[in-house]
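Please keep the sequence and the structure in view while reading.

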Amino acid sequence: MTTASAQANPNIAFIKYWGNRDNVLRLPMNGSISMNLDGLYTRTTVSFQPSLPFDELIINGHEVMGQGLDRISYILDIIRGMANIPERAEVMSENNFPSGAGIASSASAFAALALAGSKAAGLDLSEQELSRLARRGSGSAARSIPGGFVEWQAGEGEEDCFAFSIAEPDHWKLVDCVAIVSASHKKTGSTEGHSIAPTSPLQAARIADAPRRLALCRNAILKRDFDAFASIVELDSDMMHSVMMTSTPALHYWKPASMEVMNNVRAWRVEGIPACYTVDAGPNVHVICPETEAHIIEKRLREIPGVENVLVARAGGPAKIVNGK
């Protein structure tokens, strides 16, 4: 029996990934930029066992079958092929934050799986190789392999479609205050959403403008220019949700409380408080601010009706091997 445990953070995308040019390889229509979220994590243990007749998946103490297990086995099959081993695996995974609610639980899950699974199989993959492997399970998982502020390049094909760090976690002391307005599992997952993105008449314009937005966001991060950062991050989030809302079928992830948070954030900025919002494929709103403002932002978010909880996360490091239980 060969076992390894790994831990990875979810990430929040500042420039979003939405829509694939290849749904099997999960090659994105455009590049993206994100920040890993320290303190939020998926911890996964993979054990290859000769006695197992099939792969087993246990998430937060509950056995998972069907499509969830199939996605895990797909990655394990790639690993088995790379390592030339036949053994099935037991995969035990746990999150310390809500799953399937638009906080990138699949990103941290597949990043942790790629690292733990490859190590358990006796492989020693580079960061680029791990990023490409994680991407096959969930596109945004490519960004949870490197640390800090991360860019995922769309590339020309499979080989150059991976993520890399553009700045270390301590480069800019930003904090993500995640306003949880619903911790329940969303009805339409990101995988389904990516596949219908081309049905929106707005997607082509969003993709064509992506290089400009990437450059503005990258420069804002490197220069630590919060005003420039806030304007491009909010624009990019609104553009992605505009595509979602005009797809067939239409996807409406926002809830009334989501709108309330976004309206408040804009008002706070007029007051002179540096903060901006971004929303992934879910109802929960990520409010990004400098570390010096995190306490007041968290306090204000908790006072908004419909906000059930607030998670606070700073910039996090790369996926890493940890000791199993």
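At roughly what angle do the axes of α2 and α3 cross? They cross at roughly 125 degrees, and the two axes come within 8 Å. The model is a predicted one.

- The crossing in which α2 passes α3 is right-handed.
- On the α2 side, the residues that meet α3 are Phe110, Ala111, Ala114, Leu115 and Ser118. Their counterparts in α3 are Leu130, Leu133, Ala134 and Gly137.
- Helix α3 is mostly covered, since 8 of its 11 residues are buried.
- The buried residues of α3 include the arginines Arg132, Arg135 and Arg136, as well as Leu130 and Leu133.
- The cover over the buried residues of α3 includes α2, and also β4 (27-28), α1, β10 and β11.

**The nonpolar cores**

- In soluble globular proteins, nonpolar side chains tend to be buried together.
- The largest nonpolar core in this model has 32 residues, and the members that touch the most others are Val46, Phe48, Leu76, Ile79 and Leu113.
- At least two residues of this core come from each of β1 (2-8), β6 (42-49), α1 (67-83), β9 (88-95), α2 (105-120) and α3 (127-137).
- Helix α2 gives the most to this core, namely 8 residues.
- Another core, of 29 residues, lies apart from it; Phe14, Ile15, Trp172 and Ile180 are among its members.
- Which residues does leucine 76 contact, beyond its neighbours within four places in sequence? They are Val46, Phe48, Asp55, Ala89, Val91 and Leu113.

- Strand β5 (residues 32-36) runs antiparallel to β10 and is joined to β10 by 4 bridges. Within β5 and β10, serine 32 stands opposite tryptophan 152.
- Strand β11 (residues 163-167) also pairs with β10 in the antiparallel sense, over 4 bridges. Here valine 150 has serine 165 in β11 as its bridge partner.

- Apart from neighbours within four places in sequence, glutamate 234 is in contact with Val265, Arg266, Arg269, Ala275, Cys276 and Tyr277.
- Valine 265 belongs to helix α7 (residues 256-271) and, at 0% relative accessibility, also counts as buried.
- Not counting residues up to four places away in sequence, valine 265 touches Glu234, Ala275, Cys276, Tyr277 and Val287.
- From C-alpha to C-alpha, valine 265 is 20 Å from histidine 252, and the two are 13 residues apart in sequence.

Key
Residues numbered from 1 in each chain as written. Predicted model: local features only at pLDDT ≥ 70, side-chain atom pairs only at ≥ 80, totals over all residues. Heavy atoms only, no water. Core = buried A, V, L, I, M, F, W, Y, C linked by side-chain atoms within 4.5 Å. Buried < 20%, exposed > 50% of the residue type's maximum accessible area, 1.4 Å probe, protein only. Contact = heavy atoms within 4.5 Å. Pairing = 2+ DSSP bridges. Axes fitted to C-alpha atoms, helices over the stretch in contact; angles between N-to-C directions. Left-handed = near helix turned anticlockwise from the far one by under 90°.
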